[in-house]
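User: Could you walk me through how to read a few features of this structure? I would like the general idea first and then the case at hand.

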Amino acid sequence: MTAMQDTESAVRAVAGRTAPGVVRIGRDGGRGAGVVLRPGLVVTSAHNLRGPSVTVGFGDGRTATGQVKGVDGEGDLAVVAVDTGPAPAVPWPAVPAGHPEIGQAVFAVSLLPGGGYRVTAGHVCAVGAAFRGPRGRLITDGVEHTAVVGRGSSGGPVVDAAGNLIGINTHRPGDGLYLAIPATESVRATVEALARGEAPARRRLGVALAPPHVARRLRAAVGLEPRDGMLVREVEPDSPAAAAGLQRGDLIVAVGDQPVDSLDPLLAAVESAGPTLALTVVRGVEEIRVELRFEG
């Protein structure tokens, strides 16, 4: 059997085995795709949702209204409760099968707006790829692959030749490459928590921030000395930032004793800190120290 025949056989097998467990998220053409996790539950990308309910379309032409059970906006995952009918679950493999290797053949599957499925073939070209989630948080364990993913396919599955879930498509960096959240044990734990209605307990500062190049430009515009740091653009009421006295226009220049010149080390410090975290802030020309306090 030739390589082309091998690929043809694998695509047909995935189409028959996996495609019936793939759904469309949203009305008409849909905003994205989803994967049947088990009877009554669908997992998709969080950015596909617009409210507490969503229309879910199935390969047999049926549509149903689903209710959002849980959303992880930072990790771009969500679980929807919906009558999945006869649609089968897409197998979620046990570790280590959920850890793909570079060069491994993979297949992306999505449900077309007019009916029928799209199945494309490719290979894993990188593991541990980093990309930004829809809220700006860095996701560092992405699976990069070359199976072409069309518009409206985010939230759909990437599977291996046996139809086992490798990841959930979420991002297109360009140049014919696609990124998926890996179907690892930790991601499965997050999805199961979402299915129980439990949102991930991630710490938040409660601020909107501008990057250093914007901070330098804005400070220069009002005659202040340029400094590297993250500029506070808004402070949420009743947040740790508000309780610590952070103000709009403050420039966060250090966390603990470490300088801060980008968002990622600041978020990492917040997540790994104990009950308190010290920030060094420049307010106008004055450098001050504030202490954040976290619950739990």
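Analyst: Happy to. Let us start with a charge over a ring, which is counted when NZ of Lys or CZ of Arg is within 6 Å of the ring centre and within 35 degrees of the ring normal. Here arginine 62 lies over the face of phenylalanine 58, 4.2 Å from the ring centre. The model is predicted, so local features need pLDDT of at least 70 and side-chain atom pairs pLDDT 80 or more, while totals for chains, interfaces and linings use all residues. Residues are numbered from 1 along each chain as its sequence is written, and side-chain values use heavy atoms, with hydrogens and water left out.

User: How many aromatic pairs does the search find?

Analyst: In general, a pair of aromatic rings is described by the distance of the centres and the angle of the planes. Rings of Phe, Tyr and Trp (its six-membered ring) pair if their centres lie within 6.5 Å, with planes under 30 degrees apart stacked, over 60 edge-to-face and the rest tilted. The search of the whole structure finds zero.

User: How do I read pockets and cavities?

Analyst: On a 1 Å grid over the protein atoms alone, a cavity is a set of points where a 1.4 Å probe fits but cannot get out; a pocket is an open set with protein on both sides within 12 Å along at least five of seven lines, and lining residues have an atom within 4 Å of a point. Grid points are joined across faces, edges and corners, and a volume is the space filled by probe spheres set on the points. The largest pocket has a volume of about 400 Å³. Its lining holds 19 residues, with Gly75, Leu138, Ile139, Asp141 and Arg202 nearest the centre. β9, α2 (185–195) and α5 (263–272) each give two or more residues to that lining.

User: And what about cavities?

Analyst: There is one cavity of 30 Å³ or more, and the largest cavity holds about 40 Å³ of space. Among the residues lining this cavity are Ala108, Arg118, Val148 and Asn169. β7 gives the most to this lining, with three residues.

User: What does α2 pack against?

Analyst: The buried residues of α2, including Val187, Val191 and Leu194, pack against β2 (32–38), β3 (41–44), β5 (63–72), β6 (77–81) and β12 (177–182). After α2 comes glycine 197, with a positive phi near 85°.

User: Which residues other than glycine have a positive phi?

Analyst: Most residues other than glycine have a negative phi. Aspartate 76 has a positive phi near 60°, and aspartate 238 has one of about 60°. Aspartate 76, in the loop between β5 and β6, is buried at 1% relative accessibility. Aspartate 238, in the loop between β14 (230–235) and α4 (240–244), is exposed at 83%.

Key
Helix = DSSP H or I, 4+ residues; strand = E, 2+ residues; numbered from the N terminus. Buried < 20%, exposed > 50% of the residue type's maximum accessible area, 1.4 Å probe, protein only. Contact = heavy atoms within 4.5 Å.
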